[in-house]
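Here are my notes on this one, from a quick pass through the strands and the charged pairs. Have the model open while you read.

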Amino acid sequence: MSLFNHKYPGILLLGDSHTEEGGFFEGGWGLRVAQHFTRMADVFNRGFCGYNARFVKHALPDILANLPGIDVAVVTLGSNDSAFPGEMLHVPITEFKESLISITKELLNHNSKVVLVTPPPILDDIWDAYCRKAYNGPKDRSNDHYQTYLSSIRDIPACCDGASLFDLYDVLWNHQDSKLEAFFKPDGLHLSKLGNEVFSNGLISHLEALFPLWKEKYAEYDFIDSNDLSSIFRNRQWNESKQGVDGKNAPIH
């Protein structure tokens, strides 16, 4: 039995296609988060294309039952819910807010902090053209219709202790260094590589502020003292204070 507590913290990415597509594809925000927290935390992607808050609320107990402990959940919902009334994925605003509060409270009851993420903007004209070409019909959602859903997401941390907001919509809308179109794929709805990069950079900073004590769980090989293998269990910051550790200049294999 280990003499040390080296349970990896868990990060759950929960949401719709913004989570699934951004999760572990090359350049995706979830992959970038996982790479950043390598050796510090485990990242679990539970993003489901086409899901809304109604679907996720129903699936969440089963999702949590099949995961180890989660320390923080990053929840990205609202894009599908805000489809126009009559569309298959539409969820009325009152039900959406109630479902998202329910999801947040269930995660908090599992001793997890929650980061609620506003979905990115919609490029209305580009998304409309894409829908007409791909689906033979007009767009099913718009930025204007989006706004009440965004407001609901922004309101929830005030009533759920342990929840915080990462306002991706505002980050992209107010970004000074690039035109808004640069953050999106040709469909005008999902994030491009640059959009994923901006998202991940902001989210990583947000998570680091929530968990400032997260460190690497096991020492890197060149900080291990071969005469004291308990040094494996000391993080890099501890080992950097030592001098003359065996294997310091050993080749990488």
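1. Start in helix α5 (residues 124–135): Asp128 and Arg132 sit four residues apart there, so about one helical turn separates them. They form a salt bridge, with the closest N and O atoms 2.9 Å apart. For the terms, a salt bridge is a side-chain nitrogen of Lys or Arg within 4 Å of a carboxyl oxygen of Asp or Glu, while helices (H or I, at least four residues) and strands (E, at least two) are DSSP runs numbered from the N terminus.

2. Before going on, the ground rules. This is a predicted model, with local features needing pLDDT of at least 70 and side-chain atom pairs counting only at pLDDT 80 or more, whereas totals for chains, interfaces and linings use all residues. Residues are numbered from 1 along each chain as its sequence is written, and side-chain values use heavy atoms, leaving out hydrogens and water.

3. Back to that pair: Asp128 is buried at 17% relative accessible area, and Arg132 is partly exposed at 46%. Buried here means under 20% relative accessible area, exposed over 50%, and partly exposed in between (1.4 Å probe, protein chains only).

4. The structure holds eight salt bridges. One of them joins Asp140 to Arg141, again with the closest N and O atoms 2.9 Å apart. Asp140 is buried at 15%, and Arg141 is buried too, at 4% relative accessibility.

5. Have a look at Arg154 and Asp170 as well, a salt bridge whose closest N and O atoms are 3.4 Å apart. Arg154 belongs to helix α6 (residues 143–155) and Asp170 to helix α7 (residues 168–173), so this pair ties together parts 16 residues apart in sequence. Both are partly exposed, Arg154 at 26% and Asp170 at 33%. Salt bridges link Arg154, Asp167 and Asp170 in a network.

6. Now the strands. How many residues of strand β3 (residues 72–76) are buried? Five of the five, so β3 is largely enclosed by the rest of the structure. In a regular strand, side chains alternate between the two faces of the sheet. Here both faces are covered, with Val72, Val74 and Thr76 buried on one side and Ala73 and Val75 on the other.

7. As for partners (strands pair if DSSP finds at least two bridges between them), β3 runs parallel to strand β1 (residues 10–15), joined by five bridges, and Leu13 stands opposite Val74. β3 also pairs with strand β4 (residues 113–117), parallel and over five bridges, with Val72 opposite Lys113.
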